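Please read these notes with the structure open beside you.

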Amino acid sequence: MKTELRQRLAAECIGTAFLLATVVGSGIMGERLAGGNVGLALLANSVATGAILWALILTLEPLSAHFNPVVTLCEAASRRLPWAHVPPYLLAQLAGAFLGVGTANLMFGLPCFSASHHVRSGLSQCFSEGVATFGLVLIIFTCARLRPKAVPTAVAAYITAAYWFT
C-alpha cells in the first residue's frame with residue numbers, strides 16, 4: 001500500500017475516532033450535567049460535535065476528512081476517490097468509530113462497549129437520518145465547488161443544526 005493512501009486511511013481512522021469520542025462523550029457528559037433537562041443535554045452534544053468537526057476538517061482535510069461512509073461513497077461516485085480505495089476507507093472509518101466509542105465510554109467509567117438503552121428505530125428515524133445525510137452531502141459537495149475554504153465551517157454549522165431539526 002502506498003504511503004499516501006496509508007496517511008489518508010490514518011486520517012480517516014483518527015478523525016472518525018475523535019468525532020465519535022466527541023459525539024458519545026459529550027452525550028454522556030451532557031446527560032450527567034443537565035440534571036434531566038434533555039434540551040440542555042442536546043445543546044451540549046450538538047455544540048461539541050460541531051466544534052470537533054470544524055477542528056478535524058480544518059486539520060485533516062489536506063489528507064482526508066470524510067468520517068462518514070456515505071461521503072466516501074459519494075466521493076467515489078463523483079470520481080474524486082478511486083473505487084478501489086472505498087473498502088479500505090470504510091474499514092478505517094469503522095475501526096475509528098469503534099476506537100472512538102470505546103474511548104469515550106472508558107473515559108466516563110463505563111464498559112468499553114454495551115447496548116444502547118435509547119430506542120432509535122422506526123420510519124421517522126430512518127427518514128430523519130436520510131434527510132440529515134442528504135443535507136450533509138449537499139453542503140459538502142456544493143460548498144467544496146463554490147467556496148472550498150468554507151467547507152469546515154459549513155459542515156460544522158450544518159451538523160450542529162441537524163441535531164435540532166432531524
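**Notes on the structure**

1. What covers the buried residues of helix H6? The cover includes helix H2 (38-60) and helix H5 (123-146). Cover is judged by contact, meaning heavy atoms within 4.5 Å. Helices (H or I, at least four residues) are DSSP runs, numbered from the N terminus. Buried means under 20% relative accessible area, exposed over 50%, and partly exposed in between (1.4 Å probe, protein chains only).

2. Some ground rules on the source. This is a predicted model, in which local features need pLDDT of at least 70 and side-chain atom pairs count only at pLDDT 80 or more, while totals for chains, interfaces and linings use all residues. Residues are numbered from 1 along each chain as its sequence is written, and side-chain values use heavy atoms, with hydrogens and water left out.

3. The buried residues of H6 are Val151, Pro152, Val155, Ala156, Tyr158, Ile159 and Ala162. They lie on the same side of H6, because they cover an arc of only 165° around the axis. The arc is that of the directions from the helix axis to the C-beta atoms. An α-helix has 3.6 residues a turn, so residues three or four places apart point the same way.

4. The length of H6 (residues 151-165) can be checked as well. Its 15 residues should span 21 Å at 1.5 Å a residue, and the end C-alpha atoms are 20 Å apart, which agrees. The expected span is 1.5 Å times one less than the number of residues.

5. Helix H1 (residues 3-33) has 31 residues and reaches 44 Å from its first C-alpha to its last, close to the expected 45 Å. Just after H1, Gly35 takes a positive phi of about 60°.

6. How many salt bridges does a search of the whole structure find? There are two. A salt bridge is a side-chain nitrogen of Lys or Arg within 4 Å of a carboxyl oxygen of Asp or Glu. One joins Glu4 to Arg8, with the closest N and O atoms 3.1 Å apart. Both residues lie in H1, four residues apart, about one turn of the helix. Glu4 is partly exposed at 48% relative accessible area, and Arg8 is partly exposed at 28%.

7. The other salt bridge joins Arg80 to Glu75, with the closest N and O atoms 3.3 Å apart. Arg80 is partly exposed at 47%, whereas Glu75 is buried at 12%.

8. Glu12 also belongs to H1. Glu12 is buried yet has no salt bridge, and the nearest side chain of opposite charge, Arg8, is 7.8 Å away. Lys and Arg count as positive and Asp and Glu as negative; His and the chain ends are not counted. Residues that Glu12 touches, not counting those up to four places away in sequence, include Ser64, His66, Phe67 and Tyr89.

9. Phe67 has a positive phi of about 60° although it is not a glycine. Phe67 lies in the loop between H2 and helix H3 (69-77) and counts as buried at 7% relative accessibility. Arg79 has a positive phi too, near 65°. Arg79 sits in the loop between H3 and helix H4 (86-107) and is exposed at 78%.

10. A search of the whole structure finds zero disulfides, a disulfide being a pair of cysteine sulfur atoms within 2.5 Å. The sulfur of Cys13 is 14 Å from the closest cysteine sulfur, in Cys112, too far for a bond.

Notes: Helices (H or I, at least four residues) and strands (E, at least two) are DSSP runs, numbered from the N terminus.
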